[in-house]
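Biologist: I would like to go through this structure with you, one question at a time. Please show it first.

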Amino acid sequence: MVHSRKDKQHPLISGDLVRDIMSALGSPPDLFCRTLYVPDTEQLALQCVYLESMIDKKTIDDYILKSYMESTFAEGKSPHSEEWDNFWRERSFAEPYHSLKEQAIQALIEGQCILIDYKKERICFVNVTFPKDRPIDEPKSESTIRGPHEGFTENILVNSGLLRKRIRNPNLRFEPMVIGNQSKTTVYLTYLQNLAPDVLVREMRSRLSAIQTDSVLDSAYLEEFLQDRIWSPFPTLTNTERPDMVAAHLLDGKVAVMVDGTPGVLIAPITFFEFFTSPEDYYQRADIATFIRWLRLISFFTAVFVPSLYVAATTFHQELIPTQLLISLSAQREGVPLPVLVEVLIMEIMFEIIREAGLRMPRAVGQALSIVGAIVLGQAAVEAGLISASIVIVVAVTGITNFVVPVYSFGMSQRLLRFSFLIIGGFLGLFGILCGALLLLAHLVSLKSFGVPYMAPVTPAQGSDWKDVLVRVPRPYLRPRGLPSVIERLKRKH
Amino acid sequence: MISRFQFYLLTINFIIGTTPFVMLQGLIAIGKQDAWIWPLLTGGAGVLAGMFWLLLFRHYPGKNLAQIPLEAMGRFPGAIVSFLFFVYFCNLSGWILRNLSDFLNGTIMPATPAIVFHIMFLLVACYTVAQGAECVVRLNQIVTPLLFFPFWIVFLLATVNWNWERFEPVLHLNPVVLFQHPAFFGFPFLETISLTMLFPFVQQGPGRPFLLGILTAAVSLSILVFVIIGLLGADRASQLTYPVYTAIQEVAIGEALVNIHSVISVILLVLIFIKFLVLVYGISETLQQVVRPRTRWPHFLSLMILLTAIAHSMYENPIQNAQWSEEYSIYYNTFFTIVIPALLLVATWIKRAYQKRQN
Amino acid sequence: MTLRHAASLLILLAAVPLLSSCWDKTEMNQLALVSMVGVDSDPDKGTIKVYYQIINPLSGSSTIKAPGGEQAPVYTYEMEAKSFGEIRSQIYKKLPRKLFIAHYKVLLVSEQTARQSIRDYANFIEMQPNGRSSIPMLVVEGPLEPVMKTFTPLEKVPSDSIRARLDQLIQNSLLSERNIRITDVIERMQQSRSIVLPILTRIDDARSAKSGEVASNIDAEQGSFIISGGAVFQNYRMTGRLNDEQMIWYHLLAGDKGLHVRLFEVEGKPVSLEFHLDQIKRKASWQSGRPVIRIFMDIELSTAYTSEYIPKSRNEVDKMEQEVSQAIERECYKLYELSREREWDLLGIKYLLRRKTPDHPNIEDAEKNAKVSIQVNARLKKMGSLQKPYDETGGGS
């Protein structure tokens, strides 16, 4: 008997649904239920349930409830369209109760509002999510002098909007996925259909689908699953918060992974030399950009090799040092108790400690502590005869050149490398540094990022790409048509 | 896959390999001020040997040196011949390691025990070889400009001491003298058979880059000998153990940097490393073809131990080494690089003739 | 289980390098920086004495002040042994730091040792892996010890003083040339040629024991030494001396292109002219069993330092050039005669013949029989700031 079933459900829905939802969510304090009664009766007309922390209350008040009360809701069946389904979904009371309950809970968590319409006997899920995000601002770690100053925010829709703004191309694809068994985070796989090689997109898709994890709170979580080799100090994906950089890479035929809840976007594939480029290179003139690129490469070598070269030269190969310098260094070392290697290690570790402390210091204390760190630790230690003055210079130079590289994660790998070279240089001098450098080169050369050799275009040599590695050729000569040859090669593989 | 240019560079670096450290002094002692012509002649002989090997490889496209005996002679006798190549490569590698530690102990790091040098090189080489042939070749490609420029710039800086009179009288020496000392034909050109292990990887055929590489290396060696004679003079160079090292010692950049020899000798070590790398690749590839292991790391570990032992016991003192190089090395090299491939070629012809007759 | 075993083994193996002793490592302040090496011999006892002059790093002004008053800039250690090789093991009886010769600047040899033989010394220097051989070598007149224990004014480290003086002499005169290094000695001795090394002579015998005294004394020459003259070496032995005047012509004939200012006589009047060699050509040929050597020299003159007389017309210039050419030729012939008489072969005739005509016999006696002709072509090219020197007539009285 249809009528009795309806009657049985009615009380369930009117009485139990809201109660069941409350208990399933654990009676959260932000769960609200607004009830509208049929005028002049005790009959329930409409119940609106929502999580206030996630919705736009104004829309509910002004639009939904008001228009309901003014009876301007569309009568009858609404036209069926995909977009409408995202905003407004209807489920009839006739559907099984527990499935209605599940859908209701899921919709509430996603920030939708549930309208239990007793007159039409339906439950509507209305998408009134109002993300409480911070405004679009320039990312702090990737600022440029010239160029756009927009950065991604934590909302994936806003981020995709920023991308769409720059690439007004219908071939721009966003493939949504949900990763993370507990956190159920939305992840978009972004690429340009006509430019990105199929084999690359397929590889990325399969790697993303294969991820089994409980939570994805940042793109870095995904990066550790997606990278080509776990035990390597070098990242094989890059991470950026700038939409213009992502757009540039997408236009080069690369693939991006956007994660909801974090502004960092992953880009793959990436090569070693691309870590030395920053979007600023393309917003400045070609000659300046070339000079700055060289500066970055030199800084990389300085940051990694200078402490070990200093230790090797002063303990194994003193003949390299000019005579006058050797005499004054020798004099500085009179009375210093520790060997050079130990001194340099101690100073490097102190520098790292100061740096880490500086990240977390409240601003008020920051000034005083930097004075303490610099003057006291450096100057006073020298005057007390604990270390020699030249070591302070070496460590300071190394520390500063460490930050020249535009990508922060690459700077981290430099630190690790620096310590390894320091130790091996301290034990075997220049020969040790040579063996370490060869090992590093062998590692770099064997690394691949999604099928692209890491050291391209230096080896395997691709002449056309050289225009963007060591020099930045002016735009008219820079690949007027076509993609970087590494991407072309991937296309040919298919 | 390896491109032809990469293989060409590898050939050059392989041949130059340990030559600046080992052969120069003997060559200049016999050739005097005309010694710079001789690498060109021996290079020509090297090209002939290369063409002979290419003839063999033409019958087996896509195969490397270890696979040919297995195919030509069947599984068991082929395995023995491949094993002979394995022994040859092991001896060469041990010899290279010993040259390396002799050089370093004799010049810039006298107190370090030789085994440390051996193990360091072995670790890096085994890691690189474990990554595959492409890694070997790409590493060489990256490292070549870092070798080429400092080396020749330093020699350019050294030209303040240049004296053309050191070459006079020119072309005075009888070229027959070269043929009385056949050792210079054997080293380094006959050792390039090790590069044939990489033949299957070269795109579009390895023949041309191989032969071009031998020629270019011969010219480079000739230029090197020429420069050494011009800087040091034939008399002095023939009496020094490491003429290249001494020539670099005398280079001074301005008044301040007067002793850059450690940096340059360390850079030259990379050449030795490349040669060593190719040989280790040859060894591991031969092992893989003959034995076909499932896991490879035990092979590398035992290889490290074996090569360290060979390096240590190679010769007792450099005088033994000099006598060996002078008198016996040519026969040793010829046996492995000419006689055995000739045998393989004959076996191949016999097999082909037999098959044709059957058909 | 096996993984744990493997991991612990790996940790132990990784710790092993930390236990090693970094065999070649030396701290900088454990090094004795040698700046000058001197060799003397004692023929009665059959021993050699090697002097090492070590730089004292603490004597600089920018360093930590060490207690105990003023520090000497260098310290000289003296070692006596039967051979050069033995020094390596004996030196540490006196020297508290590791010998570091990579930065030494000058080699000294006493005249006594030079007259006996410097072959062992040359071999010793060349054999060191860490020491360069491109270091100038000088001969010391008299005993070596006082020179090794002398402080120099202006340049605190004596080897710096000597090197700086040599560099300036090379640039500003023909009294010294670049090829006085051990490498040149070895090369020339192996080719049976001769070489001339500079001589170091003491100026006076008063020697001060404190560097501070030397630094505050206005007389820079007191207790110091001077570079003058040359010692001729053949077959690793010193066989004679040249004075300063002869050194000039020796270097000119050797092809040194440095400049020199000398007083010439032109038409009976003294004229100080600066001259330098532009080009030298040597031709060797044989005539009836006798070698004929022809030397052509193009010399440029300059009146930049002339205060006595400057030619005013073309005739005067031609005359001056002619007379100067003849004067130079005369001096060169004088040097050749001296060289032939003492069999020094300073012109390098044998070497020339060996290069140009290697297959001819009788090269050994060539110098005695050679017919040498020297032709000098001097041309006035440059003038100084004075067009006409001031004279006593007052100019238009």
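**Chains and helices in contact**

Modeller: In this predicted model, 26 residues of chain B touch 25 residues of chain C.

Biologist: How much area do chain B and chain C bury between them?

Modeller: The size of an interface is often given as the accessible area lost when the parts come together. Carbon and sulfur atoms account for 43% of the area between chain B and chain C. The total buried between these two chains is about 2,100 Å².

Biologist: Which three residues of chain B lose the most area to chain C?

Modeller: Together the three give 23% of what the chain B side buries. They are Glu165(B), Glu168(B) and Arg236(B).

Biologist: With which residue does Arg236(B) form a salt bridge?

Modeller: Chain B and chain C have three salt bridges between them. In the one made by Arg236(B), the closest N and O atoms are 2.8 Å apart. A salt bridge is counted within 4 Å, so this pair qualifies. The partner of Arg236(B) is Glu126(C).

Biologist: How many salt bridges are there between chain B and chain A?

Modeller: Here 31 residues of chain B are in contact with 26 residues of chain A. The area buried between the two chains is about 2,600 Å², with 77% of it from carbon and sulfur atoms. Over all chains the count comes to 43 salt bridges. Between chain B and chain A the count is zero.

Biologist: What is the make-up by class of the contact of α15(A) with α8(B)?

Modeller: On the α15(A) side, the residues that meet α8(B) include Leu438(A), Leu441(A) and Val445(A). On the α8(B) side, Arg138(B) and Ile142(B) are among them. By class, the contact has eight nonpolar, one polar and one charged residues.

Biologist: Which residue of chain A forms a salt bridge with Glu27(C)?

Modeller: Glu27(C) lies in the loop between α1 and β1 of chain C. Its partner is in the loop between α11 and α12 of chain A. The closest N and O atoms of the pair are 3.0 Å apart, and the partner is Arg333(A).

Biologist: Within chain A, is α10(A) roughly parallel or roughly antiparallel to α14(A)?

Modeller: Two packed helices are described by the angle between their axes and the distance between the axes. For α10 (residues 286-315) and α14 (residues 389-401) of chain A, the angle is about 155° and the axes are 8 Å apart. An angle over 145 degrees counts as roughly antiparallel. Therefore α10(A) and α14(A) are roughly antiparallel.

Biologist: Is the crossing of α7(B) and α14(B) left-handed or right-handed?

Modeller: The axes of these two helices of chain B come within 9 Å and cross at roughly 55°. This angle makes α7(B) oblique to α14(B). The crossing of α7(B) and α14(B) is right-handed.

Conventions:
Residues are numbered from 1 along each chain as its sequence is written. Chains are lettered from A and ligands numbered from 1 in the order in which they are written. This is a predicted model: local features need pLDDT of at least 70, side-chain atom pairs count only at pLDDT 80 or more; totals for chains, interfaces and linings use all residues. Side-chain values use heavy atoms; hydrogens and water are left out. Contact means heavy atoms within 4.5 Å. Helices (H or I, at least four residues) and strands (E, at least two) are DSSP runs, numbered from the N terminus. Ala, Val, Leu, Ile, Met, Phe, Trp, Tyr, Cys and Pro count as nonpolar, Asp, Glu, Lys and Arg as charged, and the others, Gly among them, as polar. Buried area is the accessible area (1.4 Å probe) that two parts lose on being put together, summed over both. A salt bridge is a side-chain nitrogen of Lys or Arg within 4 Å of a carboxyl oxygen of Asp or Glu. Axes are lines fitted to C-alpha atoms, for helices over the stretch in contact, and angles run from 0 to 180 degrees between N-to-C directions. Angles under 35 degrees count as roughly parallel, over 145 as roughly antiparallel, 65 to 115 as roughly perpendicular and the rest as oblique. A crossing is left-handed if the near helix is turned anticlockwise from the far one by less than a right angle, and right-handed if clockwise.
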